[in-house]
Amino acid sequence: MKEEIYWNPYIETLPREKLRMLQLKKFKRILKWAYDNSPFYKRYYSSFGLEPEDIKSFEDIRKVPKIEKDMLRDVQTREPFPYGDILAVPLEEVVAFRQTSGTTGVPVYQGDTWQDWEWQAECWSYILYAQTYRPKDRVFFPFGYNVFTAFWNAHYAAEKIGCEVVPGGVLNTEGRILKMKELKCNAFLATPTYVLVMGETAMKMGIDPKKDLSIEKITCAGEPGASIPSTRKRMEEMWGAKIYDHIGATEIGAWSFGCPHSGLMQHVNEAFFLVEIEDLETGELIEEPNRQGKMVITTFDRIAKPCIRFDSKDVIKWADCTCECGRTFRLIDGGVIGRADDITKVKGVLLAPTAIEDVVRSIPELSSEYEVVVTKKGDMDDITLKIEIKPGYETKEKEILSRLQNELRLKTNLGYNIEVHPFGSLPRYDVKAKRFKDLRKH
Amino acid sequence: MDETLAKLSERIRELRRLSEETLKIGGHIQTVNKNVKKILANIKMLELNVCDLVELEEEGKN
């Protein structure tokens, strides 16, 4: 058994059949816990006439009604403040408050017990250990340590593994780069957008991230970029480092991760989460690879605010292969391909914003920033792509734009109005970027 | 069943028993109360990682 590459060799190589049995056992356990301890869940399930004992087989799981983010927001208007009666433990047992970023509306508040907090670090330990984090590593955390979940639990997981952890909280980007240089940090964690912003800033400071810093690996989260080929390539080339991806969410936890062998695919931690993929239109369960659908996810072991069959709206697809690493956890291909809310029809064509990002960032003369705006002109959809040309390439604008239009047409089947903006003028983001604006809905 | 897992699971159950007993005896003392609760949270992680697998095997036999 290749124990040195696994956080838990028993769980990570469990035969699929046993993994499925474990998932059923844990699903039943959290369902009963929620029904017995969370007034929200009891009320909700009772309204469907469902009791925990009704779930006997794996197939029965689909009888359990899904929850949605709006329900999590609504329940917050009830007592106990600020979480509402979804809470399944006495308020006194909540030791950690965090919240979602609010990108899609009112933030959802997340309360965790000490055990939940430990559990989150445990989930992240699976991720970081798989991504070769070890006690020899000095890991920098360039994020604002505040109410957002972000990398808090990665910080504790890195400590748990035994890494030396350097918190880069209140420093600005320049300060963070100087601190990483001073301490010869060899790893850091950030959103893909911020990885690129840091690299760009370092170069402005006369520091070449590849030559003058010691970064060997970077773990990304918060946005899909590290699973988009051209964005990943940009980061790798800029930093000369191995790029890893991870997907998680505040109300769910850290549910997936790339390993050194998985490329653009990610393992789902199936011992701690149940991931179901549903057809976007029919809701039918998708088991086969390469078919996109919406993720419905269950968190097995988080007790303060259970998350059972949560309709995440993230669009993912199963991969059609297993991983060389030997983990039996199933792989998803290409990370989160989009949000069910964002994947939208423009001029009658289904468009995923990640496809536009892949094209923009595959053209080396363009900066990493872009913005997509969809509007209506009369009855017709109109789509504008704002881009920046890197300094030194302005004279080649016509040729660059022609290449961009062709690639976009090829990858997305759509024509775009292209707007060229001065280099550095489009918004730069530290955390979650909002580059896709569908103004038809407003 | 894997022998190592079985042995580990036994020890982890013993750790829980001892921790809960400690809490009963000294739970009124804040430092005992909070530190043992932290220990119990870590024991829970061991149960998720080890004992669940052993229980699964045991349930499969019954």
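Which side chains meet in a salt bridge at 3.1 Å, N to O? In this predicted model, the pair is Asp60(A) and Lys63(A).

Another chain A pair, Asp137(A) and Lys217(A), has its closest N and O atoms 2.9 Å apart. For Asp208(A) and Lys211(A), the salt bridge has its closest N and O atoms 4.0 Å apart. Here Asp208(A) is partly exposed at 25%, and Lys211(A) is exposed at 67%. Shared partners also join Arg62(A), Lys66(A), Glu276(A), Glu278(A) and Arg309(A) into one salt-bridge network. Over all chains, the salt bridges come to 55.

Turning to the interface, 17 residues of chain B touch 19 residues of chain A. About 1,600 Å² is buried between the two chains, with carbon and sulfur atoms giving 62% of that area. Met45(B), Asn49(B) and Leu56(B) supply 33% of what chain B buries against chain A, more than any other three residues. Five salt bridges are counted between the chains, including Lys18(A) with Glu57(B) at 2.5 Å, N to O. Nine residue pairs are in polar contact across the interface. On the chain B side, H2(B) gives the most, with 14 residues. By class, that side has six nonpolar, three polar and eight charged residues.

Notes: Residues are numbered from 1 along each chain as its sequence is written. Chains are lettered from A and ligands numbered from 1 in the order in which they are written. This is a predicted model: local features need pLDDT of at least 70, side-chain atom pairs count only at pLDDT 80 or more; totals for chains, interfaces and linings use all residues. Side-chain values use heavy atoms; hydrogens and water are left out. Contact means heavy atoms within 4.5 Å. Buried area is the accessible area (1.4 Å probe) that two parts lose on being put together, summed over both. A polar contact is a pair of N or O atoms within 3.5 Å; within protein, one must be able to donate a hydrogen and the other to accept it, and residues adjacent in sequence count only if both atoms are side-chain atoms. Helices (H or I, at least four residues) and strands (E, at least two) are DSSP runs, numbered from the N terminus. Ala, Val, Leu, Ile, Met, Phe, Trp, Tyr, Cys and Pro count as nonpolar, Asp, Glu, Lys and Arg as charged, and the others, Gly among them, as polar. Buried means under 20% relative accessible area, exposed over 50%, partly exposed in between (1.4 Å probe, protein chains only).
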